Amino acid sequence: MKAIEIKKDIYWVGAIDWSLRNFHGYQTGRGGTYNAYLILDDKITLIDTVKKGFESELLERISSVIPPERIDYILSSHVEADHSGSIPFMAQHCPNATIITSLPNGLKGLKAHYGDLNYQGVKAGESISIGKRTLHFVTTPMLHWPDSMVTYCPEEKILFSNDAFGQHFASSGRFDDETELSTVLWEAKKYYANILMPYGKQAQTAIKALAGLDIEMIATGHGISWRSHIPDILACYEKWSNYEVEDRAVIVFDSMWHSTEIMAGAIAEAFREKGMPAALYDLKANALSDIMTDVFTSRYLAVGSPTINNQMMPTVAAFLCYLKGLSPKNHRAFAFGSYGWGGQSIALVEDELKAAGCEICLEKIRIANLPTPEMLAGITEKVKAI
Ligand code: FEO
């Protein structure tokens, strides 16, 4: 496996994880990559490593350009193990390398994970010269860990952005102009919705900090890098970090004997009759991370569950727990469901929607046993009146 030159003397030396299907619970249908970059200058610099298990691929790609022991700096943009997991391995193969990390949280995190290595902490706004090039560090705390930082190289006009602007997307192409743009943007949205959604304020701060920089390439930590569609992805981040929603509806449900499913269908049809796109997600058949990608930018959310043992279905509980953790904003929501006797699930769903920060826009809809045509017509009227 060879390094890929992305600019003169700057190489992609990362790893492609074609079989990745679950990234700490995030379902990654298109696999993923762990991007690392090698800069040949007076001080040879490796920007990030790869997830443990892929260290041989990293080493092989680096070795296709230079002997790894010549590396002077290993820059750690982020302590999370998908980027830092091979630092101890690389430290063994690069005995002269200094590991650069953010102060104070990068240093604290790396020490906690990997013990004492040859670290050098850098502060927000600090720069180092590596020869013809400068590396300027912009800390981006809580985007999405306390230690996170991005690095700008003004001579090359490259932003090494780590998690920001990335996607879980395995591809032999490295750039946005080497693959289908709509697919990459959808994966970038999925990444933002499932990893960065809670940190809109921090993302806005980071966008402002980067606004004055002349950027010709965003070299991401995951998936495709940007060089032909930089304004597109920056515009998306502006919109996403402001939690902008569209007039569309997402209906999420589970069902035992189809009654809640039939109600879900009636709700979707009512939104459609209102002239609003609506998507139905059966929790038995859809991944939470895919559903959340759609919920993120949809103004309306309806969540349905039948009652089982006085509770909502566990699948619905898992969805609502995940939703709450992502701190969504600007959603109008309501609960619905069928039941045999108690019917406690629907109120429980409504409580969780409120706890997740949703504005309740319609009184919960409860139907005992099977929905009749008249009951479904009643649902249609209620939803159309929102
Ligand atoms: Fe790609 Fe937060 O790690």
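Visitor: Which helices each supply at least two residues of the lining of the second largest pocket?

Guide: Rolling a probe the size of a water molecule over the atoms shows where empty space is left. On a 1 Å grid over the protein atoms alone, a pocket is an open set of points with protein on both sides within 12 Å along at least five of seven lines, a cavity is a set where a 1.4 Å probe fits but cannot get out, and lining residues have an atom within 4 Å of a point. Here, helix H5 (181-196) and helix H10 (314-325) each supply at least two lining residues; helices (H or I, at least four residues) and strands (E, at least two) are DSSP runs, numbered from the N terminus. This is a predicted model, in which local features need pLDDT of at least 70 and side-chain atom pairs count only at pLDDT 80 or more, while totals for chains, interfaces and linings use all residues. Residues are numbered from 1 along each chain as its sequence is written, and side-chain values use heavy atoms, with hydrogens and water left out.

Visitor: Which domains contribute to the lining of the second largest pocket?

Guide: Domain bounds come from an automatic or database domain assignment. Domain 1 (4-241) and domain 2 (250-384) each give at least three residues to this lining. Among the lining residues are His 24, His 144, Tyr 199 and Tyr 322. The second largest pocket holds about 150 Å³ of space; a volume is the space filled by probe spheres set on grid points, which are joined across faces, edges and corners.

Visitor: What lines the largest pocket?

Guide: The largest pocket, with a volume of about 300 Å³, is lined by 19 residues, of which Met 256, Pro 306, Thr 307, Tyr 339 and Gly 340 lie nearest its centre. Helix H8 (259-273) and strand E20 (332-339) are the elements that give two or more residues to that lining. By class, the lining has 7 nonpolar, 12 polar and no charged residues. Ala, Val, Leu, Ile, Met, Phe, Trp, Tyr, Cys and Pro count as nonpolar, Asp, Glu, Lys and Arg as charged, and the others, Gly among them, as polar.

Visitor: How many cavities of 30 Å³ or more does the structure hold, and which element gives the most to the lining of the largest cavity?

Guide: The structure holds 3 such cavities, and the largest has a volume of about 80 Å³. H6 gives the most to the lining of the largest cavity, with 4 residues. That lining divides into 10 nonpolar, 2 polar and no charged residues.
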